[in-house]
Amino acid sequence: MSATEELYRSYLDLRWNFDPSAASAAGIQSEDHRLGVFDAEAMRAHLAAFRSIAGAAEVLEVEDVQEEIDRTAFLDEVRVTIFRFEKERPQVHNPCFWLSHLFRSIHTLLRRRDTAAEELARAVLERLKGARDFLAAARESLKDPPQVFLDTAESMAQGGQGLFTEAAAVCGREAPDLQDALEAAGGAAEAGLTQFRIALKTELRAHPDDLSFAIGEEQFNRRLHHEHALMAGAPELYRYGLHLVDEVEAEMAALARTIDPGLPWRRLVERLRERNPPPEDLVGAFRGAMDRARTFVEGRGLVAMPAGPLDVVPTPSFLRPLIPFAAYEAPGPFSGERTGVFYVTESRASGGSASSGGTSAYELPATALHEGYPGHHLQILSAQALGSQVRRVTWTPVTVEGWALYCEEMMAEEGFYTTPEERLFQRLHLLWRAVRIVLDIGLHTRGMTPLEATDFLVDHLALDRDKARAEVSRYCARPTYQLCYAVGRREILQLRDAYRERAGADFSLRRFHDDFLTYGGLPVALIRWGMGLGIDE
């Protein structure tokens, strides 16, 4: 085992202790019984430990380029963690940080398949028993949250109401001896959530500056460099985002004219959503779309297919408030489980048909390949089969989200989309990600307000205003994440061009994809370095 791998194991022990919810999601069972502790005293201890790990990583002796790549990715992950909790301080300024940890800590246990029912029920019981104190600690720790975070937290808390009693009921049916204790703990957790919702409206005062969520250009650029290994800074990426918006809008206008010359593309998108919603059996439709994508990838030999199925299932009732339409959940890298889950929420409108929330049937193929094959599920399963523990666990959205969006583009090049309508919605997905670059950078470095960002989404994407408002709240809370989709796609396309140029007549798309996936979700710049294609381009 290399020195990097040994130190990384120590880092993971620290990481799981810091975030028990993430440990459970990864398949680590030792932390299942507890919730994280994020008060000021605990955070001082956590950050001191992370700084110690970073110092040790900086002086590691490495044996070759591949280990140096792993060490660099590992070190940057630790640095970003320190930057985030010292400078951005979500544990102090964002109530959604606390709610996300709590909700995730429950639903990651409920979806686990490799743990005995009674053992799982005991873990859920312990977390439910700790929920009220956890939320009380949140109330004591939070100071001057931005208004956008307060509004989002109120929506999350309302949506999560009932999660704890539902979880208690699910576990109680599997472990009858614990049923009474689970019911009591679930009720206490619900009471704690209700108190927290009241506190959001009465105790917590919003920061007087409506732009206090913004992290500023210096911190934004630090994240770009250390989290995503991007050489470009916010100004350059902002210009790229604006250019990409214009480019894709022109493509969509031209494509819309081939479908209906009399309609502008935005009106055409609205009409296709109204007249061609997903079928009533949305789960079945997504299963068909996933099968179609996988069959296409296998038939064309586009990439090696790792072992591990993807189950497309209805969203459980306890998760429906948190998953309004659909969501992919990967197997944990340490769980021994190879099955991913794609949850589909089928809500019923008053007329009895499935409500898609403004989605067209023509969007399902691009969504399925993005989430399944050859997108997230294939990439994550490939990463989890790698020998390097760093590459199995450490990832950046510039590579993971960038790969999935690249796959939408690559599959178009290979002829996957069968109608101009499917192609139109694939370009709409790209436009959406291009707009995210502009809004991500605009909100955090250029004084853009959440209202202005919401208007921008509505105007450019024909998006429902409520959905646009929810989108913007995520952009405010997760700086640099949203730009990673389209920027990652660009980085991968440029990497493919360099790989093709070097290979010449021997270029193989399959070989490029297989080589790319040997780096898991490490930043594209490090993958370029590992492929021997330079590090400064």
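Okay, ground rules. Residues are numbered from 1 along each chain as its sequence is written, and side-chain values use heavy atoms, with hydrogens and water left out. Because the model is predicted, local features need pLDDT of at least 70 and side-chain atom pairs count only at pLDDT 80 or more, while totals for chains, interfaces and linings use all residues.

A word on naming too: helices (H or I, at least four residues) and strands (E, at least two) are DSSP runs, numbered from the N terminus.

Let's start with the sheet. Three strands make an open sheet, in the order β1-β3-β2, with mixed pairing. Pairing here means that DSSP finds at least two bridges between two strands. The edge strands are β1 (310–314) and β2 (326–329), and each pairs on one side only. From one strand to the next, the twist averages 20°.

So where does the "mixed" come from? β1 and β3 (residues 340–344) pair in the parallel sense, over 5 bridges, whereas β2 and β3 run antiparallel and are joined by 4 bridges. If you want to click on specific pairs, Asp311 has Val341 in β3 as its bridge partner, Pro314 stands opposite Val344, and Ala327 stands opposite Tyr343.

Now, how covered is β3? Mostly: 5 of its 5 residues are buried. Buried is under 20% relative accessible area, exposed is over 50%, and partly exposed is in between, with a 1.4 Å probe and protein chains only. Gly340, Phe342 and Val344 point one way from the strand, and Val341 and Tyr343 point the other way.

On to helices. Take α1 (residues 3–18). It has 16 residues, which at 1.5 Å a residue should span 22 Å, and its end C-alpha atoms are 23 Å apart, so that agrees. The expected span is 1.5 Å times one less than the number of residues. The buried residues in α1 include Leu7, Tyr11, Trp16 and Phe18. What covers the buried residues of α1 includes α2 (20–26), α3 (40–58), α4 and α17 (389–393). Contact, by the way, means heavy atoms within 4.5 Å.

Same check at α21 (residues 465–477): 13 residues should span 18 Å, and the ends are 19 Å apart, which agrees. Its buried residues are Ala468, Glu471, Val472, Ser473, Tyr475 and Cys476, and they pack against α8 (147–160), α19 (420–445) and α20 (450–461).

Next, a helix pair. The axes of α11 and α12 come within 10 Å and cross at roughly 80°. That makes α11 roughly perpendicular to α12. The cut-offs are under 35 degrees for roughly parallel, over 145 for roughly antiparallel, 65 to 115 for roughly perpendicular, and oblique for the rest. Axes are lines fitted to C-alpha atoms, for helices over the stretch in contact, and angles run from 0 to 180 degrees between N-to-C directions.

Who meets whom? Glu217, Phe220, Asn221 and Leu224 in α11 meet Ala234, Pro235 and Leu237 in α12. By class, that contact has 5 nonpolar, 1 polar and 1 charged residues. Nonpolar is Ala, Val, Leu, Ile, Met, Phe, Trp, Tyr, Cys and Pro; charged is Asp, Glu, Lys and Arg; polar is the others, Gly among them.

Most residues other than glycine have a negative phi, and most peptide bonds are trans. Ala229 has a positive phi of about 55° although it is not a glycine. Ala229 is in the loop between α11 (216–228) and α12 (234–259), and it is buried, at 12% relative accessible area.

Arg89 has a positive phi as well, about 50°, and is not a glycine either. Arg89 is found in the loop between α4 (65–88) and α5 (90–93), and is partly exposed, at 35%.

In α5 you'll find Gln91, which counts as buried at 5% relative accessibility. Leaving out residues up to four places away in sequence, Gln91 touches Phe38, Met43, Phe85, Phe97, Trp98, Ser141 and Leu142.

And the peptide bond: Tyr373 to Pro374 is cis, with omega near 5°. Pro374 has its place in the loop between α15 (364–371) and α16 (376–384).
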